[in-house]
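I opened the model today to look up a handful of residues. My notes are below the display.

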Amino acid sequence: MNKVKSISLMFPLYKDRSTVKLMIKKSVKVLKKLKKKYEIIIVDDGCPQNSGKLAKEISKKYSNVKVFFHKKNLGYGAALKT
């Protein structure tokens, strides 16, 4: 059996300003409990609410959180590719 060595969790953001902080905190809490190497990838998909900027600010507290930005909304598929 192949054991999981690491976990990547990805969230696309679009109009998520009210939930992004809680999403990051809860995700970090759950992933730490698993005692595996992890990363959380957040893609601001051209969000008009600046959710990505908020996520970037929060990410300074967590080294495992990475935030990427699209200048305009490219859709879910493009966020996954990023």
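These entries go residue by residue, ending with a surface patch.

**Entry 1: the model.** I am working from a predicted model. I keep that in mind for every value here.

**Entry 2: serine 51.** I started with Ser51 in helix H2. Is serine 51 buried or exposed? I found a relative accessibility of 0%. Buried means under 20%, so serine 51 counts as buried. Next I listed its contacts, leaving out residues up to four places away in sequence. Serine 51 touches Leu13, Lys15, Asp16, Arg17, Val20 and Asp44.

**Entry 3: lysine 53.** I stayed in helix H2, which covers residues 51-59, and looked up lysine 53. Its relative accessibility is 58%. The cut-off for exposed is over 50%, so lysine 53 counts as exposed. With residues up to four places away in sequence again left out, lysine 53 touches Asp44 and Phe69. I then checked a distance from lysine 53 to glycine 75. The two are 22 residues apart in sequence. In space they are 18 Å apart, C-alpha to C-alpha.

**Entry 4: asparagine 50.** I moved to asparagine 50, in the loop between E2 and H2. What is the phi of asparagine 50? I read a value near 60 degrees, which is positive, in a residue other than glycine. I noted this because most residues other than glycine have a negative phi. Asparagine 50 has 35% relative accessibility. That lies between the 20% and 50% cut-offs, so asparagine 50 counts as partly exposed.

**Entry 5: lysine 35.** I looked up a further positive phi. Lysine 35 has one of about 55 degrees, although it is not a glycine. Where is lysine 35 placed? I found lysine 35 in the loop between H1 and strand E2, the strand being residues 37-45. At 74% relative accessibility, lysine 35 counts as exposed.

Entry 6: I went to helix H1, residues 20-33, for lysine 25. Its relative accessible area is 37%. Exposed would need over 50% and buried under 20%, so lysine 25 is partly exposed. Which residues form the positive surface patch? I wrote down Lys21, Lys25, Lys32 and Lys61.

Technical notes. Residues numbered from 1 in each chain as written. Predicted model: local features only at pLDDT ≥ 70, side-chain atom pairs only at ≥ 80, totals over all residues. Heavy atoms only, no water. Patch = residues over 30% accessible without salt bridge, like charges linked within 9 Å, V, L, I, M, F, W, Y side chains within 5 Å. Areas by Shrake-Rupley, 256 points an atom, 1.4 Å probe, with all protein chains shown as cover. Salt bridge = Lys/Arg side-chain N within 4 Å of Asp/Glu carboxyl O. Lys, Arg positive; Asp, Glu negative; His and termini not counted. Charge placed at Lys NZ, Arg CZ, Asp CG, Glu CD. Helix = DSSP H or I, 4+ residues; strand = E, 2+ residues; numbered from the N terminus. Buried < 20%, exposed > 50% of the residue type's maximum accessible area, 1.4 Å probe, protein only. Contact = heavy atoms within 4.5 Å.
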